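Me: I would like to go through this structure with you. Could we begin with the strands and then turn to the charged pairs?

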Amino acid sequence: MATIYEKMTTPELTLALEKLDTQVELTRAKHLALDMARGKPSPDQVNISRPLLSILNEDSDLIDEGVDCSNYGCFEGIPSARRLAGAFLGVPAEQTIVLGSSSLNIMQSVLIHYWEKGVPGYTPWSKLDNVKFLCPVPGYDRHFGITEDLGIENIPVRMTPTGPDMDQVEELVANDDSIKGMFCVPKYSNPTGVTYSDETVRRLATMKAAPDFRIVWDNAYCMHDLNEHGDHLMNIHGVAATVGNEDRILEVASTSKITFPGAGIAFFGSSEANVKEVAKTLMVGLISANKLNQLAHARFFPTIEALHKHMMHHAEFLRPRFQLVQKKLSEGLGDTGCATWTDPNGGYFVSFDSQPGTAQRIVKLCADLGVKLTPAGATWPYGRDPHDTNIRIAPTYPSLEELGQALDVLVLATKTVCAIKALEDRE
Ligand SMILES: Cc1ncc(COP(=O)(O)O)c(C=O)c1O
């Protein structure tokens, strides 16, 4: 679709650009210092979890169903925390491990394990000439970083409104045994906010692939609905088990964006065999995780309903921010043809696509005007967005007022860069 600037005559375009330049200079004079880069809850939002910190004190009973949380032991996690993990991940509690605070750390540990030792019964990935991973794009840069760091080749696959393009995924994995895995954020994907359809989940669980092909099912946002009735996500473990693929699914999640980022508890859930095998390897380097933190979390969330209630409290902070993104972008760019963006029902991000060849310049102009965004390209493996269109919007951290100002700058920068490009394309 042509932008309004492309449709203008050259004198009209020159005039429009002059007006935009004036606005740019007025904005620059405000000396803004705003950050819309990383997906973090705002300080006020984090504060709603402070009561968790009072749950344990020196007088507390530190026994959880017979397990002494104040001493070594119970590697897989305390019973009540594993039950919570099971409810989170949709697997029986016995098929979970509750670990430290970071799900990213679990993903890395498991992939390093397969790299060094191989999926049980198969060649270590490090011994193979080629190992590839599928990366839905736009996606999460830190996923891509784990495989890139190991020397695994990241292959982008296109995201659609129902999840990764399954025709492309099936075609790739069926014909290339060196593809050993795939990253998925199945609910409120980072950054599109897309939740995978039942058909996508079914196809991922049952498609033909290398026997040691693994799906990292990163359910980081499984609880992060913006409204009472969030998106529905099919339980992939059940479908995978119907065709004997239960070992394919490595699910992780954490309470990072539920209680305290970096100080919550993290979950791993998979088949019985995988849980046993992964526990055995992780145990080499860890006697037991922080069970006191597990206990505090399990008491803070005695039921999954208590957790849901807490999430609705979080949503009160998030909803107005997501609404403001939609309002500012539709008012500022709605009929310009300069950009499209997603409108998710949960999660932490909005994915914004500008005209080809403009994202980097938009992010740079925003930075010049005092608004920090996630670097353009970060949503693609190796930071290379081939069409230079995608920008991840992270609206959760700034106050509403700051967010409004930051979005105004994004709108202005998008229009300005589009107008400049329309002029350049004529020269
Ligand atoms: C998709 C996804 N997975 C994992 C993480 C990090 O989670 P953790 O704090 O549990 O390592 C994030 C954080 O933004 C994320 O967006």
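Me: Which residue is the bridge partner of F183 in β9?
Reply: In this predicted model, F183 has V216 as its bridge partner in β9. Strand β8 (residues 179-184) and β9 run parallel and are joined by four bridges. Between β8 and β9 the chain passes through helix α8 (residues 198-206), in a right-handed β-α-β crossover.

Me: And what stands opposite D218 in β10?
Reply: That residue is V252. Four bridges join β9 to β10 (residues 249-254), and the two strands run parallel. Here the chain crosses through helix α9 (residues 236-242), and this β-α-β crossover is right-handed.

Me: Are the faces of β9 covered or open?
Reply: Both faces are covered. R214, V216 and D218 are buried on one side, and I215 and W217 are buried on the other. In a regular strand, side chains alternate between the two faces of the sheet.

Me: Changing topic: how many salt bridges does the structure hold?
Reply: The structure holds 15 salt bridges. One of them pairs R203 with D167, with the closest N and O atoms 2.7 Å apart. R203 lies in helix α8 and D167 in helix α7 (residues 166-175), so this pair ties together parts that are 36 residues apart in sequence.

Me: Is D167 buried or exposed?
Reply: D167 is exposed, with a relative accessible area of 53%.

Me: Which residues are linked with R203 in a network of salt bridges?
Reply: The network links R203 with D167, E170 and E199.

Me: Where do D368 and K364 lie?
Reply: Both lie in helix α13, four residues apart, which is about one turn of the helix.

Note on methods
Residues numbered from 1 in each chain as written. Predicted model: local features only at pLDDT ≥ 70, side-chain atom pairs only at ≥ 80, totals over all residues. Heavy atoms only, no water. Buried < 20%, exposed > 50% of the residue type's maximum accessible area, 1.4 Å probe, protein only. Pairing = 2+ DSSP bridges. Right-handed = clockwise from strand over helix to strand, strands pointing away. Salt bridge = Lys/Arg side-chain N within 4 Å of Asp/Glu carboxyl O.
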